[in-house]
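Subject: Handover of a structure and the findings on it

Dear colleague,

Please find below the structure that I am handing over to you. I would be grateful if you could read the notes that come after it.

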Amino acid sequence: MSRRNFLKSVGLSTGGLLLSPAMRAVQARNPLQIPERHEGITTNSRVTYSLRAQKGSTEFIPGLQTPTIGINRSYLGPTLILKRGDDVELDVHNALSEKTTLHWHGLHVPAKADGGPAQIIEPGDRWSPRFTVDQSAGTFWYHSHLLHKTGEQVYHGLTGMIILQDELSDRLPLPNDYGVDDIPLIVQDRRFKSDGSFDYIRAHSDVMTGLFGDRILVNGTVDAVFRPTTTRVRFRLLNAANARTFTFAFDDNRTFSQVATDGGLMEKPLERKSLILAPSERAEIVVEFNASEPCTLISLPLPAGSQFATRGMMARMHSGNDERFDLLRIEPAASLQSSPDLPTVLAKIPRLNPSDAAVTRKLTLSMAMGMGMMGRRGSGGGNFFINGQTMDMEVVNYRIKKDTVEIWEITNDSMMMHPFHIHHSQFQILDRNGKPPEADEHGLKDTVKIGPGETVRFIMRFENYADPDTAYMYHCHILEHEDNGMMGQFTVE
Ligand SMILES: [Cu+2]
């Protein structure tokens, strides 16, 4: 699309009746950017990763500069390669002119190292959490978690991927040549103003539904093309959108194999044709290609009758998750290097037993439809609630005993789906509305979609770290909901 047409479409989307803009058509032409690997520097058996949050300007759309923020670059950050057993230090320098934090999403770390809203890094300051990497291999990510500003900072670029490796992931014959057949896909939707700047919250509806954009960025690339050179490619899918849910599929309806959920490898590969990821969910998939046979990774509308669809009067403002659009054009080379067969067995996942649970905690998510919340100026209030309360930094909602197992039962009493995320550890889903989870929810998870009216139970162990003075977070991962109150805190002590 020419620049003039793009500007025209931006103009149209601001005047239309649809409150969330319809997705623009893609003309794939830009090579997919691959964030550089960052393996840290080892001294005295500690691996240190230098990270600098900085302002920049990024040309996503030819001829237009977008003010952005990133880590060690102008938009997004490097892919951190962590190895199980390593003692790591994540040395974060805040070179922004505003406060920030960096949260290691999905990592099992001490509360003080978690990078939540309490671990603020003032402009010019450094924050250098240390911990030992001790969990299964998988795809994780890092992002700003600043109170009330997470949505805005992530939208402008404070996000990157983490690849955690262990002995099993090194040994399995899965594609693992980063940037060649092991490809990060950080998928985001964005809305631009005509001057090229990002168009963050503009209207009440942007907060109510979460912010939907009309252009797709994959690793910060618009209209992206990837050219495989091997017969199998692993894609590490990360939904890093603020609010949009993607239903990943291919335009030729091909089958692919899912090999990992949020927290790591599954027990065995799962054949499928589509896969729904809400904000912050990850999946690793392996896709087979034939030489010179192109296809397109797309997002489908939510399936008809999906329990994750928005209901009632909210559905009228929410055109976002019911569109089909392109994500990534894939054009395999004329000759491909042959990849090994997929293993039939992947990881062993020890199951937590519900009878070992010390307590069941019941949480209800709800939202109010009022108009008086734009920008949320008051004392931290908002229109998004957990058990009728909004996030309060002064309130620790739960104090959990170290080394206990708990069941959390989350009910959604609103008209739209909320992806519920909890810090500290990976959990296992026990049931959804009383029924066992589908195969793709059997693995380790740190975020779970909870559709309108649904109740989901998960089980989790709170071990290794105790700190009565520093809290972990749980929250909706639609960032505009999190920023406006749908969050709470717990300590492990
Ligand atoms: Cu939400």
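The following paragraphs describe what was found.

Please note that this is a predicted model, in which local features need pLDDT of at least 70 and side-chain atom pairs count only at pLDDT 80 or more, while totals for chains, interfaces and linings use all residues. Residues are numbered from 1 along each chain as its sequence is written, and side-chain values use heavy atoms, with hydrogens and water left out.

The metal site

Which residues coordinate the copper ion? The donors are His418 through ND1, Cys476 through SG and His481 through ND1, at 2.0 to 2.1 Å. Donors are N, O and S atoms within 2.8 Å of the metal (3.2 Å for Na, K and Ca); water is not among the atoms, so sites may look incomplete. Along the sequence, the donor residues of the copper ion follow the spacing H-x57-C-x4-H. The two histidines link distant parts of the chain: His418 belongs to strand S29 (residues 418–422) and His481 to helix H6 (residues 479–483), 63 residues apart. Helices (H or I, at least four residues) and strands (E, at least two) are DSSP runs, numbered from the N terminus.

Both His418 and His481 are buried. The term buried means under 20% relative accessible area, exposed means over 50%, and partly exposed lies in between (1.4 Å probe, protein chains only). Cys476 is buried as well, with a relative accessible area of 1%.

Cysteines

Cys295 is also buried, at a relative accessible area of 1%. The structure holds 0 disulfides, a disulfide being a pair of cysteine sulfur atoms within 2.5 Å.

Salt bridges and strands

How many salt bridges does the structure hold? There are 40 salt bridges, each defined as a side-chain nitrogen of Lys or Arg within 4 Å of a carboxyl oxygen of Asp or Glu. In general, side chains of opposite charge can pair when their charged atoms come close.

One of these salt bridges joins Asp431 and Arg457, at 2.9 Å from N to O. This pair links distant parts of the chain, with Asp431 in strand S30 (residues 428–432) and Arg457 in strand S32 (residues 455–462), 26 residues apart. Asp431 is buried, with a relative accessible area of 12%, whereas Arg457 counts as partly exposed at 24%. Strands S30 and S32 run antiparallel and are joined by 4 bridges; two strands pair if DSSP finds at least two bridges between them. Within this pairing, Asp431 stands opposite Arg457.

Strand S28 (residues 404–412) also runs antiparallel to S32, and 8 bridges join them. There, Trp408 stands opposite Phe458 in S32.

Lys149 forms a salt bridge with Glu152, their closest N and O atoms being 3.6 Å apart. Lys149 is partly exposed at 30% relative accessible area, and Glu152 is partly exposed at 31%. Another salt bridge connects Asp403 with Lys402, with the closest N and O atoms 3.3 Å apart. Asp403 is partly exposed, with a relative accessible area of 48%, and Lys402 is partly exposed at 30%.

A loop residue

Asp223 lies in the loop between strand S15 (221–222) and strand S16 (224–226). At 6% relative accessibility, Asp223 counts as buried. Asp223 and His477 are 254 residues apart in sequence and 26 Å apart in space, C-alpha to C-alpha.

Yours sincerely
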